[in-house]
Protein chains: 2
Amino acid sequence: MTDFAATRAMFHLPPGIVYLDGNSLGPLPLKALERVNQTMRGEWGDMLITAWNRAGWIDMPRRIGDRIGALIGAEPGHVVMGDTLSIKVYQAVASALDLRPGRRVILSDTGNFPSDLYMAQGLAHTLANGCRLQTVAPEEVEEALDEEVAVLLLTEVDYRTGRRHDMAALTAAAHRKGILTVWDLAHSAGALPVDLAGAGADFAVGCTYKYLNSGPGGPAFIYVAPRHAEHARPALSGWLGHEAPFAFAPDYRPGPGIERMRVGTPPILQLAALDAALDIWDQVDMNALRKRAIALSEQLIDGVESACPELALASPRAAERRGSQVSFRFENGHAAMQACIAEGLIGDFRAPDIMRFGITPLYIDETDVARAIDILARVMREKLWQRPEHQTRAAVT
Amino acid sequence: MTDFAATRAMFHLPPGIVYLDGNSLGPLPLKALERVNQTMRGEWGDMLITAWNRAGWIDMPRRIGDRIGALIGAEPGHVVMGDTLSIKVYQAVASALDLRPGRRVILSDTGNFPSDLYMAQGLAHTLANGCRLQTVAPEEVEEALDEEVAVLLLTEVDYRTGRRHDMAALTAAAHRKGILTVWDLAHSAGALPVDLAGAGADFAVGCTYKYLNSGPGGPAFIYVAPRHAEHARPALSGWLGHEAPFAFAPDYRPGPGIERMRVGTPPILQLAALDAALDIWDQVDMNALRKRAIALSEQLIDGVESACPELALASPRAAERRGSQVSFRFENGHAAMQACIAEGLIGDFRAPDIMRFGITPLYIDETDVARAIDILARVMREKLWQRPEHQTRAAVT
């Protein structure tokens with residue numbers, strides 16, 4: 001049993017706001033504030049450089065990697081933290097290509113997060129060996145798998161619609177053609193049960209500032225399956241991935257296993273916030289979380305569909321085919337989301353017409369969802385999105 | 001006039017410790033503690049996702065980049081923050097190679113920081129087009145410049161000895177052969193006057209956790225000269241470097257100028273600490289800082305040379321050929337540095353035999369240097385480095 005009232009009490013939640021945007025940026029865990037303060041004052045401040053050893057900073061990427069690994073079904077010792085998700089995508093795809101010499105195609109889908117596609121394009125340009133990115137519609141991925149494809153790069157849960165790929169089935173299909181898989185878990189880690197080892201995934205990457213609540217710009221993670229860990233070349237071969245970083249040898253030698261995927265000096269303040277945020281997960285059963293997320297999602301879908309006929313469900317109707325978000329299409333979606341925010345309901349908008357709501361049972365309950373439905377219904381009924389102040393487009397929403 | 005007593009008072013300096021390791025990790029600026037707390041509670045906590053716009057997070061990499069640009073002689077609008085120094089080395093070298101098609105050599109020197117060399121090796125391996133890293137001794141760089149070299153990758157100040165390259169002269173020599181330069185300013189930014197524009201540098205990169213005091217794992221910076229800014233391809237082409245990140249277009253189009261060197265979501269907590277740390281520099285004259293650093297360095301060299309005959313100066317004797325550190329060679333240097341730390345003098349050790357002391361006038365004065373000499377003299381006189389507890393080798397010192 002997970003006590004979701006108890007987990008909710010562990011967050012700073014501004015009064016009067018319904019926050020359905022934890023799939024963009026999770027809220028502040030109260031312990032993160034304390035932990036970062038302690039890391040700054042008691043470690044950086046008092047221990048200075050010696051904190052790299054005395055406070056265990058140097059081991060944080062591996063230690064915290066294992067905490068995340070436990071949430072995504074990774075074998076212990078095969079996840080490490082660092083950099084951003086985009087950088088980790090590059091590193092994983094480059095490593096996978098290196099393990100499939102002679103094949104030239106990185107296959108992805110048009111629902112993938114654009115940065116994953118951009119990083120793959122940048123890598124293909126840099127390689128200048130005929131390697132190219134090919135994208136197909138999400139439902140056409142399986143039939144596009146052939147012997148030219150080196151790497152299948154997919155985000156499990158679509159950032160716009162919440163549509164969820166079948167990781168185990170697509171990984172098995174890829175393997176039948178000799179293709180390696182890179183799974184982006186941005187909208188999976190902390191959102192639903194993930195079983196990387198069970199699915200036979202080759203590489204996985206993800207961010208921590210969404211469902212894992214590490215704070216703005218928190219570090220990314222990378223997983224390399226045990227069978228590849230001693231063969232993968234990291235491409236981004238930095239000193240902290242070296243076999244002996246403090247020997248300062250002139251030539252790169254990859255460190256053991258996942259260690260080689262480390263690159264530069266890790267962001268200790270962000271890692272401290274993440275470490276505190278992960279404490280919350282110690283008392284959460286992921287299956288209970290998933291069950292509750294589905295119930296809250298159904299509540300939102302039912303409520304919106306009966307109160308707001310202008311909004312069309314963009315997410316799959318079948319719960320098992322959705323991640324932990326609910327999206328609706330509305331042509332004035334940007335202005336409508338601005339109006340919702342002004343009324344105290346924070347979700348976000350994704351071009352061209354998606355209003356997206358994250359379902360995060362750690363701190364969201366039935367009362368929040370009921371209020372969200374009320375606010376959305378009023379925004380639509382009173383056409384609040386027509387107000388001039390909601391017509392501007394902000395840089396980020 | 002810079003009031004160095006006033007700048008010193010802006011740091012948390014643990015009592016009883018002489019800290020000559022600001023060239024590894026600068027100490028905690030008191031304002032950084034307040035600023036990060038405010039960013040977490042008042043921005044992340046209270047504004048949630050809306051802080052990306054309302055608190056200006058999205059612009060921090062450019063805004064803070066300009067603050068650093070002012071310290072290194074960059075043209076406004078040509079520096080941006082993000083990632084780690086190793087990642088920025090990769091990005092700069094890849095971009096420079098792309099601007100010199102047909103040339104295959106990345107030239108560096110054996111005194112460069114190993115991670116710079118490792119990243120170049122990783123890039124060369126990934127390119128798999130015959131591109132290679134060539135290293136020569138620091139004093140042989142100029143004669144090794146020829147028409148096969150695409151990129152000259154150098155760290156201005158040697159991390160071990162403090163030897164300083166002549167950036168303007170080497171850049172001019174490189175340009176005469178059609179070679180682009182990538183300058184690593186890890187031990188320059190905040191350590192001494194740097195004039196990137198005046199030197200005609202093409203690319204520069206650096207870290208902020210040393211002389212700029214941003215805290216452990218603070219973000220790196222990258223500079224691209226205005227003449228290259230609209231031509232350079234970022235290689236690591238992430239969504240925040242896209243011309244229109246929030247259009248979520250399927251294809252990458254580089255953003256204007258330096259914006260394209262952004263990659264993923266920036267680490268806001270680390271940037272907040274950096275921003276507060278940079279406030280200190282508003283009242284510092286870099287020439288006054290340099291003059292004082294030289295005086296303190298001479299004090300240390302004179303004192304150690306007369307008190308510790310076992311230690312051999314590893315840094316250039318001429319002040320203008322040194323960065324802002326003083327290094328000595330001693331075969332038991334690792335144990336001796338452990339003994340110094342136990343006695344309250346923190347410097348650091350770099351294999352195989354370098355004892356390194358950073359000179360940072362923002363918070364170090366003549367009294368500190370005198371105490372450092374006393375401690376070092378006692379460690380050597382009483383052979384404290386022979387104690388068994390100092391013979392172990394820690395992961396990081």
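Residues are numbered from 1 along each chain as its sequence is written, and chains are lettered from A, with ligands numbered from 1, in the order in which they are written. Because the model is predicted, local features need pLDDT of at least 70 and side-chain atom pairs count only at pLDDT 80 or more, while totals for chains, interfaces and linings use all residues.

**Stop 1: chain A as a whole**

Along its principal axes the C-alpha trace spans about 65 × 55 × 40 Å.

Of the 397 residues, 59% count as buried; a residue is buried if 20 or more other C-beta atoms lie within 10 Å of its own, exposed if 12 or fewer, and partly exposed in between, with C-beta atoms placed from the backbone.

**Stop 2: H4 and H11**

Select residues 60–71 (H4) and 268–279 (H11) of chain A, which pack at an angle of about 30° with their axes 11 Å apart. Axes are lines fitted to C-alpha atoms, for helices over the stretch in contact, and angles run from 0 to 180 degrees between N-to-C directions. The angle makes H4(A) roughly parallel to H11(A) (under 35 degrees is roughly parallel, over 145 roughly antiparallel, 65 to 115 roughly perpendicular, the rest oblique). Show side chains: A:Met60, A:Ile64 and A:Arg67 in H4(A) meet residues of H11(A) including A:Leu271 and A:Asp275. Contact here means C-beta atoms, placed from the backbone, within 7 Å.

**Stop 3: H13 and H14**

Next, select 333–342 (H13) and 366–381 (H14) of chain A, whose axes come within 10 Å and cross at roughly 125°. H13(A) and H14(A) are therefore oblique to each other. A:Ala336, A:Ala339 and A:Cys340 in H13(A) meet A:Ile375, A:Leu376 and A:Val379 in H14(A).

**Stop 4: the side facing chain B**

Display both chains. 80 residues of chain A are in contact with 80 residues of chain B. Elements that each supply at least two residues of this side of chain A include H2 (30–47), H5 (85–98) and H6 (114–127). The largest share, ten residues, comes from H6(A).

**Stop 5: backbone details**

Most residues other than glycine have a negative phi, and most peptide bonds are trans. Select A:Ala351 and A:Pro352: the peptide bond between them is cis, with omega near 5°. A:Pro352 lies in the loop between E14 and E15 (354–358) of chain A. In chain B, the bond from B:Ala351 to B:Pro352 is also cis, with omega near 5°.

Then go to A:Ala235, in the loop between H10 (226–229) and H11 of chain A. A:Ala235 has a positive phi of about 65° although it is not a glycine. This residue is buried, with 24 other C-beta atoms within 10 Å.

Finish at A:Lys383, in the segment after H14 of chain A. Phi of A:Lys383 is near 45°, again a positive value in a residue other than glycine. A:Lys383 counts as partly exposed, with 14 C-beta neighbours inside 10 Å.

Conventions: Helices (H or I, at least four residues) and strands (E, at least two) are DSSP runs, numbered from the N terminus. Two residues are in contact if their C-beta atoms, placed from the backbone, lie within 7 Å.
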